[in-house]
Amino acid sequence: MLMNNGMRDAVACVTKISEIKNDCLSYVGYDIAELVDKEVSFEEVIYLLWHLKLPNQVELDEFKESLQENYAISDAVEQCILIQSRQHLHPMSVLRSTVSLLGVYNIHAEDYSLAEIYDQSIKIMAQVPTIIAAFARLRKGLVPVAPRSDLGFAANFLYMLKGELPTQLEITALNQALILHAEHGMNASTFAARVTASTLSDTYSCVTTAIGTLKGSLHGGANERVFDMLENIIAFGEVIPYLSRRLDSKEKIMGFGHRVYKKSDPRESFLKSMARNLTQGTEDAIYYQISEEVERFIRQEKGLIPNVDFYSATVYHVLGIDSDIFTLIFAMSRMSGWLAHINEQRADNQLIRPNSLYQGPKNQKFVSIKERK
């Protein structure tokens, strides 16, 4: 059957990792609302996606210890980040190249035993936050902050990013944001990762493929453009005239609508609540206030729902994350889902190789180069 709509209706694989149905998102059968409401840690969610069950306390402690033991990156990798930070490269290109380099420096990268593949997954998951934080600081002329093995995933990243211990509110906000972005079915980057895994390529190549796909403007980066819009509205001075002018020019309002959700994005309400809590009583409250005005106007004028990117822009900004590395935070979180899918693909592998429908010219006769017009 021909899929001429971006494979919208095609089923690419059978999975036990996540499901999107009736505007609900679940991880291994757990509604994400329950995972967030119960205040589980991001590490528990990573474990859930990889092992298809929530860990008990002993399993969680061992899993967290495995991640913490692998936070640090080598001097060679840090030097590579330093070189790239001076070239004004796209942040996602830096992440893509550096993760690929992790594979170069891992002498066991071509070892496909289950134990080694799992070890590679732990290393990638643990070191990506360190890479991102180092890049964020080096490009500003700041010295990278070494990771702390006594801190959890979210707390350690914020500590490395800013050089000071985050507040509990900040840790909770990032922890929830990471959970909400961790996994989302057969999105473009996850599909790309599974295609690469189906060729029996190494884990680093699979993840690099996913990062390259997420870099595309139709996949990652929407929350960066949401923040740019909020900044433009502040500079312009009025919400409705600004939006009306953009709508009249047929410009897209970023952060609204979603390919798989019709009535609501189940992740958005949590991010909205986080944005409100983080900005309340601060000078950043203007971002939340403007966001609410934008939401009301776009709902009324276009009937579109805000998606996960809309309020996450304000959340990330208040956490001290520069807007042009928002997509890196997305990748840091989604890494957990990518690795889950890569390993699920390997467990019962078939080469993913769809057909194409040729519609070009036929029955052409060869003409020598001297006779071609």
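Me: What makes two strands a pair in this predicted model?
Reply: Two strands pair if DSSP finds at least two bridges between them; strands are DSSP runs of E with at least two residues, and helices are runs of H or I with at least four, numbered from the N terminus. Strand β2 (residues 24-27) and β3 have two bridges in the antiparallel sense, so they meet this rule. Because the model is predicted, local features need pLDDT of at least 70 and side-chain atom pairs count only at pLDDT 80 or more, while totals for chains, interfaces and linings use all residues. Residues are numbered from 1 along each chain as its sequence is written, and side-chain values use heavy atoms, with hydrogens and water left out.

Me: Why is the pair of Phe256 and Phe310 called tilted?
Reply: Rings of Phe, Tyr and Trp (its six-membered ring) pair if their centres lie within 6.5 Å; planes under 30 degrees apart count as stacked, over 60 as edge-to-face and the rest as tilted. The centres of Phe256 and Phe310 are 4.7 Å apart and the planes stand at 55°, so the pair is tilted.

Me: Which parts does the pair of Phe256 and Phe310 tie together?
Reply: Phe256 lies in the loop between α12 (239-248) and α13 (268-279) and Phe310 in helix α15 (residues 308-318), so the pair links parts 54 residues apart in sequence.

Me: What makes Arg148 count as a charge over the ring of Tyr159?
Reply: The rule asks for NZ of Lys or CZ of Arg within 6 Å of the ring centre and within 35 degrees of the ring normal. Arg148 lies over the face of Tyr159, at 5.4 Å from the ring centre.
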